[in-house]
Amino acid sequence: MTENIQSTEFDTAWEEEDFSTGDYELAERAALRRVAGLSTELEDITEVEYRQLRLERVVLVGVWTEGTAADSDASMAELARLAETAGSEVLEGVVQRRDKPDAATYIGSGKVAELRDVVQSTGADTVICDGELSPGQLRQLEEKLKVKVIDRTALILDIFAQHARSKEGKAQVELAQLQYLMPRLRGWGETLSRQAGGRAGGGNGGVGLRGPGETKIETDRRRIRARIAKLRREIAAIGVIRETKRGRRTANEIPSVAIAGYTNAGKSSLLNALTGAGVLVEDALFATLDPTTRRAVTPEGLPYTLTDTVGFVRHLPHQLVEAFRSTLEEVGQSDLLVHVVDGSDGMPEKQVSAVREVIAEINEETGTPMPRELLVVNKIDAVGDLGLARLRHLFPDASFVSAHSGLGIEELRVRIAELMPRPEVVVEALVPYARGEVVARVHRDGEVLSEKHTESGTLLSARVRPDLAGVLEEFATNGTPA
């Protein structure tokens, strides 16, 4: 009896707790984990040993071709975070200084021998290269190192595959993975054997199967091409739905604000702080992939939409840019771009240039102009006074906020309202009291300059959009809207 009462109280407490969508997704993502202290084995297994049993052990390899040593170290540190996000344990990282990557083995035959010694001494089972490898480089490295070799592109695609939630997101990730896999298909043994051959009645041939035939790897390529074509059709159909929703918002003259920025800069946290959306927030790279649109209002009460988009990273794989094109177009077609920068990063200016490069590429291909940009430096609560002074010097026109603590959020709301496109038609109208819904719409969708209550009705002077100006035309006191 006591157990039932306790269970009921627990269920009631769970139901009364205010959990957001992001909380549930985060709980699901961490649903399978080790609980310390429950093992009944005779030997104690520490957390470190457990991680060694469960995680891939990787060695990172980079080629430093340009920039400073600090740039090279920052790129390798980011690669390490990507590897950890994908579920790996980083054992070692090596960088080689070259004018350009070696065409055959990426780092050169001599360095490959040294890398093989590092792999053997550390017991690594995977090597991750900080760049996109050609099919030949991939094959040569795996033959010489005798372990699995992947590149930066494959690593990012793996993270996207883990974090994709919606149907559109999963289709986009699968399309990018197949486009990456297509030129890298390799075969051996039965994979390269012919489908036909042999004599009639034999086990490998017969009537209808004579001739050169088709290898299994060719069959795989044909199936991948068919799957790519199907995914393109699905994404195009989803893109039509997205375009319809965007067109509806445009018809209603609702300004759109897109939140873009480097991965893990705090875009989802900023969306939650501005709208209370409750989307997933996690200290990980590419934690959220699916765009989220929420309604918000300015301090004056004017509505607008806020859209959180997929994060960016240096050298974002072109397969992802192409697959996520319909999602990234939300940024290019917005009225205002809120560009979020991680203030706690060592080189935030590199983040800014990487994001602007991808957005410029999308806008150039779609033929849309670059939207107005508001730079927002986030996580200032994790930066000291000296670092904050440096950030203010680097980005003098930016807004400085902390989405976690709420510092600067109200000032950011004001900045967004100032930079958004405003209604362009000024009207003066005397609206009868019987038409209160018109006055309410002016307050909701327009900018009221003055308001006075008279015997005949409400005398308004407001700045509105053309569609609302047409509604107010019959009540205009100055003949026609000015």
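## Exercises on strands and helices

**Exercise 1.** Which way do the residues of strand 3 (residues 126-129) point, and are they buried or exposed?

*Solution.* Start with one side: Thr-126 and Ile-128 point one way from strand 3. Now the other side: Val-127 and Cys-129 point the other way. All of these residues are buried. Keep in mind that you're looking at a predicted model. Here's the background: in a regular strand the side chains alternate between the two faces of the sheet.

**Exercise 2.** Find the contacts of Ile-150, leaving aside its neighbours within four places in sequence.

*Solution.* Begin by placing the residue: Ile-150 lies in strand 4. Then list what it touches: Thr-126, Val-127, Ile-128, Cys-129, Leu-133, Leu-138 and Leu-155. Finally, check a distance: Glu-132 is 18 residues from Ile-150 in sequence, and their C-alpha atoms are 8.8 Å apart in space.

**Exercise 3.** Describe how helix 7 (residues 152-163) packs with helix 8 (residues 167-181).

*Solution.* Look at the axes first: they come within 10 Å and cross at roughly 155°. That angle makes helix 7 roughly antiparallel to helix 8, because angles over 145 degrees count that way. The crossing is left-handed. Now for the residues: Thr-153, Ala-154, Leu-157, Phe-160 and Ala-161 of helix 7 meet Val-173, Ala-176, Gln-177 and Tyr-180 of helix 8. Sorted by class, this contact has seven nonpolar residues, two polar ones and no charged ones.

**Exercise 4.** Which residues of helix 15 (residues 409-419) are buried, and how does helix 10 (267-275) meet this helix?

*Solution.* Buried in helix 15 are Ile-409, Leu-412, Arg-413, Ile-416, Ala-417 and Leu-419. Their cover includes helix 10, along with strands such as strand 5 (256-261) and strand 7 (303-308). The axes of helix 10 and helix 15 come within 11 Å and cross at roughly 85°, so the two helices are roughly perpendicular. On helix 10, Leu-270, Ala-273 and Leu-274 meet Ile-409, Leu-412, Arg-413 and Ile-416 of helix 15. That contact splits into six nonpolar residues, no polar ones and one charged.

Technical notes: Residues are numbered from 1 along each chain as its sequence is written. This is a predicted model: local features need pLDDT of at least 70, side-chain atom pairs count only at pLDDT 80 or more; totals for chains, interfaces and linings use all residues. Side-chain values use heavy atoms; hydrogens and water are left out. Axes are lines fitted to C-alpha atoms, for helices over the stretch in contact, and angles run from 0 to 180 degrees between N-to-C directions. Helices (H or I, at least four residues) and strands (E, at least two) are DSSP runs, numbered from the N terminus. Angles under 35 degrees count as roughly parallel, over 145 as roughly antiparallel, 65 to 115 as roughly perpendicular and the rest as oblique. A crossing is left-handed if the near helix is turned anticlockwise from the far one by less than a right angle, and right-handed if clockwise. Contact means heavy atoms within 4.5 Å. Ala, Val, Leu, Ile, Met, Phe, Trp, Tyr, Cys and Pro count as nonpolar, Asp, Glu, Lys and Arg as charged, and the others, Gly among them, as polar. Buried means under 20% relative accessible area, exposed over 50%, partly exposed in between (1.4 Å probe, protein chains only).
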